Every structure is written in C-alpha cells, then in structure tokens.
Amino acid sequence: MKKTLIVFDTVSGSTREMAEIIRDEMENISVSIKPVDKVESIDGYDTVIIGSPIRFGGFTAKIKKFIKKNRDELASKKIILYFSSLYIVKLKEEEKPAATFYIDPTLNIQTLSRKEATSMDKTHSIGCYYKAILKQTSGLVPDTIAYFNGRLDLQKLNIFFRLFMKIVVSLTTKERVGEFLNRDSVKEGAAVLRQRLR
Ligand SMILES: Cc1cc2nc3c(=O)[nH]c(=O)nc-3n(C[C@H](O)[C@H](O)[C@H](O)COP(=O)(O)O)c2cc1C
C-alpha cells in the first residue's frame, strides 16, 4: 500500500486540526501525521502532504527549513500542500498555475482585475502565493494546493507578529481576528486530496 506523510507546522492550532481532519478522511490509505519538528526522515513515503499557516504568502520558517533539508528527496515524491489562511483573491490577468487547487468556499474568493485590486489584493492573489511556493521550494512543483480558512488569535503570536497583525487588522477588514476554520470545507478539500493519492 502506498504511504503518505502529513507534515505540519502551527502557531494557533488550526493547521494541526486540518491535518487531523485530512487524515481521518483518508479511508483505506496509510497516513502518518507529524509536527514538522518531529520529522526525522521522509524515507519510504510516496506522498508528502505539507501543511503550513500562510506567512506573507508562503510557508512558516520551520516548514521552509524542512523543505530545504529534504528538497532532493521531496523531488521524487508527490507533493501536496495545504495552507491555513485568511485571505485570497484571484486576479483576472493571472495565468492559472499548473496544479490542482481546492479553495475553501468560506474564504469567499473574489476575482478582480489588476486595476480594481488594492496592493493587499495583489500580495494575496493565487498567482502571488504560487510564486512564493515555487521560490521557497526551489522549484518543486506541487501536485495539489489547498487553501483553508483558518483563525487569527493574536495572543498566540510572538510580539513582532502580534504587532504586525494588529496593524494589518486596523488597516483592513480583509483579515480579521477570530475563528474561521470550517470543518466541512476541510473535509470537502480532503476528498479532493484523497483523489490525488490514488
Ligand atoms: C506574520 C503573519 C503573516 C500572515 N500572512 C498571511 C497571508 O499572507 N495570507 C493569509 O491569508 N493569511 C496570513 N496570515 C494569517 C495566518 O496564516 C492565519 O492566522 C492562520 O490561519 C494561522 O494558522 P495556525 O492556527 O495553524 O497557526 C498571516 C499571519 C501572520 C502572523
């Protein structure tokens, strides 16, 4: 039987909960789940699902370190990514990346032209996020990418990120403090990921 590993990082817990929901939806598939700092080796896994809270469009520092360390081995495996996020838009002019996508319907993704888009929209677009992924994986091409609605709990952030996010939420209503994880959306996304493991 093919083996799958789910590796995740989390700060306020949502990315871990998503990993657990995804694992529970993978009937008849052998899935192990590990926090990123507990992964010693990815040997023997056919697929690696990497979950990260989204940070400035990309991965957390721990996930970047994990990818860098395992870059060559990851290149021979199927890579699936999922992000716990708060805001994503689609720009009309952007080319669709060559990956299968699942975008949580509760993220209410809007399609905007570049003209209509604010600078925040431009740094939170599918294309901009995809560029960050390619840069931070040194060009690994993920098979599938899922964006799920997460949560923003300022108390769980370190002082710098708390200050930064306090400023962000005071300047825009696009990212807000609160709980947005939707278990049904994660289950629906997990069904898409399950298809990709066959
Ligand atoms: C410094 C910082 C940058 C962030 N950047 C983004 C971003 O680019 N796009 C987004 O949708 N959410 C962004 N977020 C929101 C987090 O990704 C969100 O809170 C996530 O659901 C937390 O996951 P966790 O509960 O697993 O820690 C950012 C949060 C912080 C603290």
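Biologist: What should I know about the model before I start?
Modeller: It is predicted: local features need pLDDT of at least 70, side-chain atom pairs count only at pLDDT 80 or more, and totals for chains, interfaces and linings use all residues. Residues are numbered from 1 along each chain as its sequence is written.

Biologist: OK, the sheet. What order do the strands take?
Modeller: The order is β2-β1-β3-β4-β8-β6, six strands in an open sheet with parallel pairing. Strands are DSSP runs of E, at least two residues, and helices are runs of H or I, at least four, numbered from the N terminus. Two strands pair if DSSP finds at least two bridges between them.

Biologist: Which strands stand at the edges?
Modeller: β2 (30-35) and β6 (100-103). Each has a single partner strand, so one side of each lacks a neighbour in the sheet.

Biologist: How many bridges join β4 and β8?
Modeller: Six, in the parallel sense, between residues 78-85 and residues 144-149. F83 is opposite Y147 in β8.

Biologist: Switching to helices. At what angle do α1 and α6 cross?
Modeller: Roughly 50 degrees, and the axes of α1 (residues 14-25) and α6 (residues 183-197) come within 9 Å. Axes are lines fitted to C-alpha atoms, for helices over the stretch in contact, with angles from 0 to 180 degrees between N-to-C directions.

Biologist: Which residues of α1 meet α6?
Modeller: M18, I21, I22 and E25. Their partners in α6 include V186, A190 and L193. Contact needs C-beta atoms, placed from the backbone, within 7 Å.

Biologist: Now the ligand. Which residues come nearest?
Modeller: S14, T15, P53, S85 and G150, of the 23 residues around the ligand. Near a molecule or strand here puts the C-beta atom, placed from the backbone, within 6 Å of it.

Biologist: Which element gives the largest share of that shell?
Modeller: α5, with three residues.

Technical notes: Two residues are in contact if their C-beta atoms, placed from the backbone, lie within 7 Å.
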